[in-house]
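Me: I have a model open and want to go through its contacts with you. Can we start with the rings?

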Amino acid sequence: MNIRLYIWQRGTAALLAPMVLVHLAVIFYATRQGLSAAEILGRTRGSLTWGSFYGAFVVAAAIHAAIGIGNILSEWTPMGDKTARGLSLWFGLLLFVVGMRAVFAVVSG
Amino acid sequence: VRQTPLSVSIWRGGQTGTFENYSVPCRDNQTVLDVVTYVKRHIDPTLSYRFACRVGMCGSCAMTVNWRPRWTCRTHVSKVSHGGTLEIAPLSNLPVIKDLATDMKPFFEKWQAAEGVFEPSKTRDDAVEPVQPDEPERTAADAGIECINCGVCYAACDTVRWNDDYLGPAALNRAWTLVNDRRDAGQIPRLQAAAAGGGCHACHSHQTCTEFCPQSLNPTAAIASLKKLSMMTYLRGKLPS
């Protein structure tokens, strides 16, 4: 891992650490309050705040996970660094698309 | 008191080979190097291994003893043998030349790739640079300067095993000592080497280097300091890629 990847991975980790805590707090709140899916969507739809929060979450997670997966593939499998980075880039893109689709689903409409 | 002889398995062969068993008399204050030397002198003169000083200074006698890398001249059998048995193999993560002798070339090539060579900033005509022993930079350099290049940290490192390009703890520790030498003029190339793909940022901080270093150095701390310094230099735009 070179310094660019290191900075991106540590930077996104620093961003994700508080975001995961907020995300867990939201889950606890929603379950403890017994919110239905309709009630949750009622609060998230059209919300710029939740859209921005989870949009940033998805971007950070896609970057962070892609770099980590690339490292694991490069170090623990026989594939070369270039192949590992290529595969991890596709994995990151997949996470980004799937994640943004989910964000779109809960904030749009 | 006559003691039971030691049961010693020693790696014989090259990259491929097998362990062969030897019975070696048990002695007081016996080191692992004594055991290997006994086998060479009294049982099989074709056994190959490397040593020089026998007092923990030269760093040439490191081997894998009971699955852990150690300097054999300062390792007492009584402290590492399991019920009177020893398994002695060449260092891991290095090509085996023959028996217990490894090819240290990759280790020293990476030492150079990490810019572990002093680059003078003055000529012989300049005055000698005064360096106070208690300066913070000198203290940081002193913490890692006693490396004897035995290769124990390199053999113990998981990242070296996983990543062929990784420079390894000794080379990066050496780079960190030079980073703290203000007489040195090669800092930017050194930080560039540390910041490249196989540099300090590949380290997982497993700390096996620190755990096994026979000199009780802390290469993990040196690498962590290199990570921080190279990152700050890069973010300030002073580390050309």
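Me: Where do Trp50(A) and Phe53(A) lie?
Reply: Both are in helix 3 of chain A, 3 residues apart, about one turn of the helix. Helices (H or I, at least four residues) and strands (E, at least two) are DSSP runs, numbered from the N terminus. This is a predicted model, in which local features need pLDDT of at least 70 and side-chain atom pairs count only at pLDDT 80 or more, while totals for chains, interfaces and linings use all residues. Residues are numbered from 1 along each chain as its sequence is written, chains are lettered from A and ligands numbered from 1 in the order in which they are written, and side-chain values use heavy atoms, with hydrogens and water left out.

Me: Buried or exposed, Phe53(A)?
Reply: Phe53(A) is buried, at a relative accessible area of 17%. Trp50(A) is partly exposed at 27%. The cut-offs are under 20% relative accessible area for buried, over 50% for exposed, and partly exposed in between (1.4 Å probe, protein chains only).

Me: How many aromatic pairs over all chains?
Reply: The count is 10. Rings of Phe, Tyr and Trp (its six-membered ring) pair if their centres lie within 6.5 Å; planes under 30 degrees apart are stacked, over 60 edge-to-face, and the rest tilted.

Me: Why is the pair Trp50(A) and Phe53(A) edge-to-face?
Reply: Because the planes are at 90°, with the ring centres 6.0 Å apart. Phe53(A) also forms an edge-to-face pair with Tyr54(A), at 4.9 Å centre to centre and 90° between the planes.

Me: Which residues are in that cluster?
Reply: Ring pairs link Trp50(A), Phe53(A), Tyr54(A) and Phe57(A).

Me: New topic. How many residues of chain A are in contact with chain B?
Reply: 9 residues of chain A, against 15 residues of chain B. Contact means heavy atoms within 4.5 Å.

Me: And what area is buried there?
Reply: About 1100 Å², with 62% from carbon and sulfur atoms. That is the accessible area (1.4 Å probe) the two parts lose on being put together, summed over both. On the chain A side, Ile3(A), Tyr6(A) and Glu75(A) lose the most, together 53% of what that side buries.

Me: Which helices of chain A supply that side?
Reply: Helix 1 (3-32) and helix 3 (48-76) each supply at least two residues. Helix 1 gives the most, with 4 residues.

Me: How many salt bridges between chain A and chain B?
Reply: 0. A salt bridge here is a side-chain nitrogen of Lys or Arg within 4 Å of a carboxyl oxygen of Asp or Glu. Over all chains the structure holds 12.

Me: What does Arg85(A) pair with?
Reply: Arg85(A) forms a salt bridge with Asp81(A), the closest N and O atoms being 3.8 Å apart. Both lie in helix 4 (residues 81-107) of chain A, 4 residues apart.

Me: And Lys98(B)? Which residue is its partner?
Reply: Asp99(B), with the closest N and O atoms 2.8 Å apart. Lys98(B) is partly exposed at 33% relative accessibility, whereas Asp99(B) is buried at 2%. Arg12(B), Asp44(B), Lys98(B) and Asp99(B) are linked in a network of salt bridges.

Me: Last one: how many helices and strands in chain B?
Reply: 10 helices and 7 strands. Of the 241 residues of chain B, 48% count as buried.
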